[in-house]
Amino acid sequence: MALDARSSTFGTLSKKIETRTARAGIIGLGYVGLPLAMAVARSGFAVTGFDIDPKKIVALDTRRSYIDAVTNEALTAEIDAGRFSSTTDFAGLSDCDVIVICVPTPLTKHRDPDLSFVEATSRSIAAHLRPGQLVVLESTTYPGTTDDIVKVILEGTGLKSGSDFFVGFSPEREDPGNQHYHTATIPKVVAGDGAQALSLMKSFYGAAVSTVVPVSSNATAEAVKLTENIFRSVNIALVNELKTVYAAMGIDVWEVIDAAKTKPFGYMPFYPGPGLGGHCIPIDPFYLTWKSREYELPTRFIELAGEINSAMPRYVVGKLAEALDIRAGKALSRSCVLVLGLAYKKNVADIRESPSLRLIEIIEERGGKADYHDPFVAEIPPTREYQALKGRQSIDLTPEAIAAYDAVLIATDHDMIDYAVLLKNAKLIVDTRNVLSRLGLSADHVIKA
């Protein structure tokens, strides 16, 4: 009877997914969850989005998207078709056949994993768990989280993974601002707790995305995501270090990289910057360094990369102070600086872990005054680490405003900026993105950092 019940549970859920009669619940309607919800809804499933922030639900109910990757038109189409709704009431999880967790996994101030959101969400699911559900974690984390935390919390109900319900992991691969790829076209790595869970994962995600890449275990899938971001972190740290060395030699690192990338094999270009931003690269590598302590294994390479990247904002402000001293005969402590770009990358409004926030903080720690301009970020929202900056507003980038600052620090190279006007009116420009050189704009008062 037990075997028949297990087979029936799996077979019923598998049939629901195959026929698109399964209801999906997406928990966490941010940069990962909302685009995923749209992709799943477009594939024919009914989707309920869950979030603890009532402001997000109000916006979605009025068909207003707060995520660049989801247009108002796309949101409206899924709502009008009856395929998407959203709520703060987690009781609706009992009606969902597939539940996907897309909540933040930040670090503590000591750079340890903060899984409080994952744990709280898992407990909310457990309160409404029933036989015949597939629960998926997409939040980036260390290998073992899905099986050792999510699964354990759910099995605390008395129901068992692999028979009563099923558990899987599929790492998110969102890239805000990327115009070439979106959720449905990015290959999706999937894993499950057992063969039946993996089968359900392949069927569910295979309906919503173009390519599914199955791996052998949830821990392997968790490691895939960390590996992708550690690869980027380490290579960015390398070019950031090369930048400082080559600058001391009077060599332009961007010219070096542009020449090196002409090699058709054995080289991949990465570019330096004022520091790392976004939710992934500055955070995810430390999830593995933390987990590795359990095995008494050092992660010196990863930790060194983190140290180099974390030091970049202070290096950049040092170059700014040096340029002000040499070019303007003025101390940073008596200077007004305009930071150009608050978002962590060009052409998006995402300020998560943005080095621009740290740049402003360091400038003001050294006695200077810092304002910012960003065409995508009108006001600095509340953040965990930079509460003192909350509420500051983007200044208008007029020729008169530019001329009033002792220096302009280009932290994010948004395409919407008129760099020719900036070059003409700024007293001093410190360019951390090489944007002026790329545009063929050069002058004696431009310093690369």
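How are α11 and α12 oriented to each other? Their axes lie 9 Å apart and the packing angle between helix α11 (residues 300-328) and helix α12 (residues 355-365) is about 50 degrees, so α11 and α12 are oblique to each other. Axes here are lines fitted to C-alpha atoms, for helices over the stretch in contact, and angles run from 0 to 180 degrees between N-to-C directions. Under 35 degrees counts as roughly parallel, over 145 as roughly antiparallel, 65 to 115 as roughly perpendicular, and the rest as oblique. The α11 and α12 crossing is right-handed (near helix turned clockwise from the far one; left-handed if anticlockwise, by less than a right angle).

A word on the model itself. It is a predicted one, with local features needing pLDDT of at least 70 and side-chain atom pairs counting only at pLDDT 80 or more, while totals for chains, interfaces and linings use all residues. Residues are numbered from 1 along each chain as its sequence is written, and side-chain values use heavy atoms, with hydrogens and water left out.

Back to the helices: α11 also packs against helix α8 (residues 218-249), at about 50 degrees and with the axes 8 Å apart. That pair is therefore oblique, but the crossing of α8 and α11 is left-handed. Helix α5 (residues 116-126) and helix α6 (residues 145-155) sit at about 25 degrees with axes 9 Å apart, so α5 and α6 are roughly parallel to each other; their crossing is right-handed.

Now for the voids. On a 1 Å grid over the protein atoms alone, a cavity is a set of points where a 1.4 Å probe fits but cannot get out, and a pocket is an open set with protein on both sides within 12 Å along at least five of seven lines; lining residues have an atom within 4 Å of a point. The second largest pocket comes out at about 430 Å³ (the space filled by probe spheres set on the points, which are joined across faces, edges and corners). It has 23 lining residues, with Asp68, Ala69, Gly177, Asn178 and Tyr181 closest to the centre. Helix α2 (residues 33-42) gives the largest share of that lining, three residues.

Searching the whole structure turns up one cavity of 30 Å³ or more. The largest cavity has a volume of about 90 Å³, and its lining includes Val32, Leu36, Glu138, Arg173 and Lys188.

Conventions
Helices (H or I, at least four residues) and strands (E, at least two) are DSSP runs, numbered from the N terminus.
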